[in-house]
Amino acid sequence: GHLSGGQINGAVTFSLVLGGALPWYQGVLNVFFQLVGSIIGSLFVVILIPCGMDQTTNLASNIVNPKYGYRHALMAEIIGTFLLCKVVWEAALSP
C-alpha cells in the first residue's frame, strides 16, 4: 500500500488507525507482529549477552532516574510519542 513498512512503533500504528490512514484489521496485525518482533529481539539480546556478563544490571531496560520521578518520565514519554506520531504523519502522509 501507500504506507511504509517501517512501522515499528505501536503508538504510530494506533495513531494511523485512529486517523483513518490504516484500516483497523491491518492495525491489529501490525501491532501483533510488532510485539512478536520485540519478543524475538529480546531473545537475541538474552542469547548474545547472558545475564552474568551484564555489568550494568539493566541491559536493554528502561529505569526512571529517581532524581526526575515517574511523573516527569510519563510526561516525557507522552510528549516524545506525540512528536514521533506527528513527524510520521507529516513526513509520510501529508501531500
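What percentage of the 95 residues of the protein count as buried? In this predicted model, the share is 13%.

The protein contains 3 helices and 0 strands, arranged along the sequence in the pattern α-α-α. Its radius of gyration is 17 Å, well over the 12 Å given by the globule rule for 95 residues, so the protein is more spread out than a compact globule. The C-alpha trace spans about 50 × 30 × 20 Å along its principal axes. Among contacts with a separation of 6 or more, 46% are between residues 24 or more positions apart.

Helix α2 covers residues 24-48. Within α2, the residues G27, N30 and Q34 are buried. The buried residues of this helix pack against α1, which comprises residues 10-18.

Helix α3 runs over residues 69-93 and includes both K86 and E90. These two residues are 4 positions apart, about one turn of the helix. Their side chains meet in a salt bridge, with an N to O distance of 3.1 Å. A search of the whole structure finds 1 salt bridge. K86 has a relative accessible area of 40% and is therefore partly exposed. E90, with a relative accessible area of 44%, is also partly exposed, since this class lies between the limits of under 20% for buried and over 50% for exposed.

Notes:
Residues numbered from 1 in each chain as written. Predicted model: local features only at pLDDT ≥ 70, side-chain atom pairs only at ≥ 80, totals over all residues. Heavy atoms only, no water. Salt bridge = Lys/Arg side-chain N within 4 Å of Asp/Glu carboxyl O. Buried < 20%, exposed > 50% of the residue type's maximum accessible area, 1.4 Å probe, protein only. Expected span 1.5 Å × (residues − 1). Contact = heavy atoms within 4.5 Å. Rg over C-alpha atoms; globule rule 2.2 N^0.38 Å.
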